[in-house]
Amino acid sequence: MTDTNDTRSQMPLGLAQRGYTGVIQHLSAREAGSALSDIELESRLIELGFVEGARVEVLHEGLVGRDPIAVRVDNITIAVRRREAMAIIVA
Amino acid sequence: MELPLLHLALVGTPNSGKTSLFNALTGSRQKVANYPGVTVERKEGFFVTPLGRQVSVVDLPGTYSLRGRSPDEEITRDFVLGKASGETMPDLVLCVADATNLRLTIRLLLELKRTGRPMILVLNMFDIATRRGINVDVERLAKELDVPVVTSIAVRKGGTADLLQLTDEISSKLAAELRENSWRALSVSELRATQREADRIIADCVSLPASPDTLTARIDAIVLHPVGGLIVLALILFVMFQAVFAWAQPLMELLNSGFDALGELVHNTLPAGLLQSFLQNGVISGVGSVIVFLPQIIIIFLFILLLEDFGYMARAAFLMDRIMGGAGLHGRAFIPLLSSFACAIPGIMATRVIDNKRDRLTTILIAPLMTCSARIPVYTLIISAFIPARDVWGFINLQGLVMFGLYATGIASALLVSFVIKFFMLRDYAPAPFMLELPDYKVPQLKSIAIGIYTRAKMFLQRAGTTIFSMMVLIWFLASFPQPPAGATEPAIDFSLAAIIGKALEPLLAPVGFNWQIAVALIPGMAAREVAVAALGTVYAIEGGKEAAEQIGQVLATKWSLATALSMLAWYIFAPQCASTLAVIRRETGSWAWMAVTFTYMLLLAYAASLVTYNVAVALGAG
C-alpha cells in the first residue's frame with residue numbers, strides 16, 4: 001500500500017467519498033476551520049486515533065450534504081463532521 | 001484486624017465496558033449522586049474482596065485523556081490526582097479497556113501512569129476478543145507497560161474473579177506500588193508520541209485476525225445507510241412510542257385506581273377535617289399524580305438503555321446530526337428530546353449523554369416544549385368539548401388534526417427557541433464538533449439494564465417525589481386556608497387563598513380570555529399539568545353540582561367561548577406548568593437561574609400565544 005501512496009496526491013479526508021481508503025499523512029488543524037482551536041482539534045483527533053500512518057476508510061455518509069462521515073481508523077469506527085475531517089490529510 | 005476501606009476508581013474510554021464492569025463488581029450496591037457543584041453523575045458502589053476487604057469503587061466519567069476538556073473529564077482527572085473536592089484519592093486505579101479495541105485505552109493508560117497511582121489494566125470483554133481471533137499476550141503486555149494486567153468478562157458470573165484476586169494481592173503492598181506524580185497536561189507532540197508508543201506496544205503484544213468483525217459492518221450497511229438508516233430509526237421510534245403510550249397505559253391506570261382507592265380509604269377511615277383533606281387531597285392525590293408516570297419512565301429508560309448498550313445510540317446521533325444541526329442542536333440531543341414526548345423529566349435526565357455544556361443546556365431548555373403525555377388529558381378534554389368530530393377534506397378527522405397541530409406547534413417552537421438561543425444567548429460558546437466513536441454492536445446485558453432502570457426509577461421517585469410532595473402541601477394549603485367562616489353557604493374554595501389569588505390574577509389573564517376559575521385551576525396545575533383538569537372539575541362542580549363535575553367537558557362547552565378554549569390550548573403548548581420538570585432543570589443545570597429562565601420564557605411564550613389565539617379567534621367571531 002505504501003508504494004502507491006507516493007503516486008497518489010494528498011487530500012483532506014473531509015473531501016473523500018464513501019469507499020475511499022488511504023493512509024493519514026499528517027494533521028493540519030489550521031485548514032479545517034473548526035470552531036475548536038488548532039491545538040484542541042489536533043489533540044482530539046489524536047485521542048480518537050487519527051495519527052500519521054493510520055489506515056482510514058470512509059464507511060458511511062450522512063444524508064444531508066453527505067455529512068457527517070463514519071471513518072474506519074485502523075480497527076475502530078469514528079463519526080466526524082467533514083469540517084473537522086478537513087484537518088486530516090490523507091493519501 | 002479490620003482492614004481499612006479500599007478506594008478504587010474505574011477509568012476508561014467511553015464504550016470500554018466500564019459500566020458493565022462496575023455493575024458486575026457492585027451489583028445493586030450503588031449510590032448515584034452528583035459531584036458537588038457540577039451536574040456530573042457520581043456513581044459509587046461497594047463490594048468485598050475474597051480476603052474480606054471492604055472496597056468502595058467509583059465509576060469515573062469516560063475519557064480519552066486527562067486533559068479535562070469537559071466537566072466530566074475534569075472530574076476524572078481531578079479525582080485521579082486527588083484534587084476533587086471532598087473526595088478521597090483512589091488507592092488503586094482500574095484502567096478498563098475493551099479487549100477488542102486497545103488502541104485508545106493503552107494511550108490513556110500511558111498518560112495515567114504518570115500520575116504515579118497504583119494501577120491495574122483490566123482487559124474487559126476478553127471473551128469477545130478471543131472469539132474474534134484477537135490474541136493478546138497478557139504477560140508481555142504487562143511487562144511492556146510495567147502495569148499488572150488482568151482479563152475479565154464482566155457479563156459472566158465469576159468473570160471478575162481474577163481481578164478480585166489481583167486487587168487483594170496489590171492492596172496488601174500499595175505503598176510499594178506508589179510512584180511520584182509527574183503528570184502535567186500533554187502537548188500535542190507528547191500526545192502523538194504516546195499514541196505512537198501505544199501503537200508500538202500493541203503491535204508487539206496483540207495479533208489481530210485476518211478478517212475483522214463483519215457483523216457490525218453488515219448491520220451498519222443497513223442502519224447507517226443515508227435513507228435506509230432513517231427508515232430504521234423511524235421504525236424504532238414508532239415502536240418506542242407505541243410502547244410508551246400503549247404498554248404503560250394499563251399500569252398507569254392500575255396505579256391511578258390504586259391511589260384513588262387509597263384516598264378513598266383515608267376518606268372513609270379518618271373523620272372529616274383538615275387531616276383527612278391533607279392526606280387525601282394533598283399527599284395521596286398529589287404524590288400519586290406524579291408516581292403514575294413511573295411506568296412510562298421505566299419503559300423510556302428500558303429503550304434508551306437497550307439501545308445504548310447495543311451501540312445504536314451513537315448511530316442515531318450520527319443519522320440525526322446534520323438534520324438537527326440546522327436548528328443549532330447536537331446529534332446527541334435527539335434521544336432526550338424524543339423521550340420528552342413521554343415526559344420531560346426522563347428527557348432532561350437523558351441529556352447527560354451530551355458532553356458539551358452549551359448543547360446540553362439548549363436541549364434542557366427546549367425539552368419541556370415537546371408535548372408530554374401530561375398534556376394529553378387537557379388537550380383531549382378541550383378538543384372533545386369544542387372541536388366538532390367531523391372530517392375535513394373527506395378523510396381527515398378534525399379533532400385528530402387539531403391534536404396533530406398542537407404536537408407540531410410544540411416541535412416547531414422548540415426548534416425556533418433553539419435557533420434563537422444559538423444566535424443570541426450562547427453565541428460566544430464554541431459549538432462542539434461532532435466527533436464520536438461508533439462502537440461495535442454488543443448484545444445488551446440484562447443485569448446491567450435492570451440496574452440502570454432501577455437506579456433511574458429510584459432517583460425519579462426520590463428527587464422528583466420530594467419536590468412534588470412539598471409543592472402539593474403548598475397547593476393544598478392555598479386551597480384550604482383560610483377556612484370558610486362558620487355558617488358560610490358558598491363553597492370552601494371561595495374563601496381560600498387560591499381563590500383570592502385566582503381573582504387577583506383574573507385581570508392579568510382577561511386579555512387571553514381566561515376567567516377566574518381557569519386562573520384557580522392553573523395554580524394546582526403548576527404541580528402537574530393534568531391536575532388542572534381535575535381542578536377545573538372541582539371549581540365548576542361547586543357551581544353546577546355533582547352531576548356537572550362528571551361531565552366537565554359539557555360544562556366547559558357552555559361556560560367557555562370557543563376563543564377561550566383555543567386560547568387555553570395555545571397556553572398549554574408552552575406553559576411551564578410542571579413543578580417537577582422545573583425541579584429537574586434546577587438539578588440538572590445546577591442553577592436556579594436556568595430554572596428561572598426556562599420558567600420565564602415559557603410563560604411569556606404561553607401568554608403571547610394565548611393572546612394572539614384569543615384575539616384572532618374573537619376577531620373571527622368565535623368570542
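**Backbone exceptions and domains**

In chain B, the loop between strand E6 (119-124) and helix H4 (126-131) holds B:Met125. Helices (H or I, at least four residues) and strands (E, at least two) are DSSP runs, numbered from the N terminus. This is a predicted model, in which local features need pLDDT of at least 70, side-chain atom pairs count only at pLDDT 80 or more, and totals for chains, interfaces and linings use all residues. Residues are numbered from 1 along each chain as its sequence is written, while chains are lettered from A and ligands numbered from 1 in the order in which they are written.

**Backbone**

- Most residues other than glycine have a negative phi, and most peptide bonds are trans.
- B:Met125 has a positive phi, near 55°.
- B:Met125 is buried, because 26 other C-beta atoms lie within 10 Å (buried: 20 or more; exposed: 12 or fewer; partly exposed: in between; C-beta atoms are placed from the backbone).
- A:Asp74 also has a positive phi, near 50°, and sits in the loop between E4 and strand E5 (76-80) of chain A.
- A:Asp74 counts as partly exposed, with 19 C-beta neighbours inside 10 Å.
- The peptide bond between A:Asp67 and A:Pro68 is cis, with omega about -10°.
- A:Pro68 is in the loop between strand E3 (55-61) and strand E4 (69-73) of chain A.

**Domains of chain B**

- Chain B is assigned domain 1 (6-212), domain 2 (228-428) and domain 3 (466-619), with bounds from an automatic or database domain assignment.
- The C-alpha centres of domain 1 and domain 2 of chain B are 37 Å apart.
- Four residues of domain 1 of chain B are in contact (C-beta atoms, placed from the backbone, within 7 Å) with four residues of domain 2 of chain B.

Key:
Contact = placed C-beta atoms within 7 Å.
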